[in-house]
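Hi everyone, thanks for coming.

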Amino acid sequence: MVALLWQEVRDVLTVPAYATNSLTGMIVFPLMLCLALFSSGETGGLQEIKKMLAMVPSGAYLAVVTGILGLMGSMCMAASTAVSREGKCHELRKTYPVSGAVQLRAKVYMGMVFNVIGMVVMVIILCVVLPEFWTETLLAALCALPLAFLLSITSVIVDAHFPKLNWKTEIEAVKQNMNAMIGMLLSMVLIALLVGAFVLLMKWGMGWTVSLAVAVAFALLLDVLAILWLNHFAANSYLAH
């Protein structure tokens with residue numbers, strides 16, 4: 001598994017077309033946050049933001065940052081094109097002495113590696129700019145992991161069922177691959193579903209922290225269901241292509 005994971009990560013990083021098209025979103029998102037916070041600091045807006053945050057419940061900050069960090073998972077297209085990028089090597093991959101489920105899980109973990117890197121960068125930025133909320137920021141990162149994993153595994157599932165293997169250039173495998181767009185849209189739908197569940201729980205008077213805990217538990221349940229789908233249906237489809 002470690003060897004497969006390293007192969008997946010190396011393939012993304014060593015091919016310029018894959019790196020620039022798959023990882024741009026996770027680089028731009030933290031960069032935009034840095035620019036926004038830097039401009040706010042110059043105009044005095046950062047102090048106003050800190051005063052405003054001091055007035056809101058810590059659970060509200062926790063919920064918002066969890067959503068932002070989880071959103072990082074939809075910015076990386078590495079997982080949503082993981083199978084398609086195999087191209088002509090797909091037939092060779094099927095001869096590996098490991099199951100299709102193991103190979104797909106390696107692709108999911110590869111997506112998580114990049115998701116976590118993006119999340120760590122965001123957490124560092126927030127802890128530096130808003131040191132008063134560093135505990136809530138770290139807790140939000142932990143709460144965002146099930147969501148990030150869900151987005152990674154669903155993206156791999158889609159690409160396993162509908163891979164684009166007949167491409168001539170690396171750019172076609174990622175930039176001209178509808179699975180990248182489908183994976184991003186599906187990620188948005190899942191995020192909207194969890195946000196809807198969170199808002200509904202809030203309306204029932206369960207509070208910020210309890211509502212977030214239930215939403216995270218729901219994400220964990222979806223993770224389990226997605227893993228079961230990946231190990232059976234997606235793995236069979238992966239080997240059938």
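Helix H5 gives the most to the lining of the second largest pocket, with five residues. This is a predicted model, where local features need pLDDT of at least 70, side-chain atom pairs count only at pLDDT 80 or more, and totals for chains, interfaces and linings use all residues. Residues are numbered from 1 along each chain as its sequence is written, and side-chain values use heavy atoms, with hydrogens and water left out.

A quick word on terms. A pocket is an open set of points on a 1 Å grid over the protein atoms alone, where a 1.4 Å probe fits, with protein on both sides within 12 Å along at least five of seven lines; its lining residues have an atom within 4 Å of a point. Helices are DSSP runs (H or I, at least four residues), numbered from the N terminus.

So what lines our pocket? There are 16 lining residues, and Ala63, Thr66, Gly67, Val195 and Leu212 lie nearest the centre. The elements giving two or more residues are H5 (58-71), H8 (134-161), H10 (178-203) and H11 (208-240). The volume is about 280 Å³, meaning the space filled by probe spheres set on the points, which are joined across faces, edges and corners. By class, the lining has 14 nonpolar, two polar and no charged residues. Here Ala, Val, Leu, Ile, Met, Phe, Trp, Tyr, Cys and Pro count as nonpolar, Asp, Glu, Lys and Arg as charged, and the others, Gly among them, as polar.

Now for the charged side chains. How many salt bridges does a search of the whole structure find? It finds five, each being a side-chain nitrogen of Lys or Arg within 4 Å of a carboxyl oxygen of Asp or Glu.

In one of them, Asp11 meets Arg93 at 3.3 Å, N to O. Asp11 sits in helix H1 (residues 2-14) and Arg93 in helix H6 (residues 90-93), so this pair ties together parts 82 residues apart in sequence. Is Arg93 buried or exposed? Arg93 is buried, at 7% relative accessibility, while Asp11 is partly exposed at 23%; buried means under 20% relative accessible area, exposed over 50%, and partly exposed in between (1.4 Å probe, protein chains only).

Arg93 also pairs with Glu86, at 3.2 Å, N to O. Glu86 in turn forms a salt bridge with Lys107, with the closest N and O atoms 2.6 Å apart. Shared partners join Glu8, Asp11, Glu86, Arg93 and Lys107 into one network.
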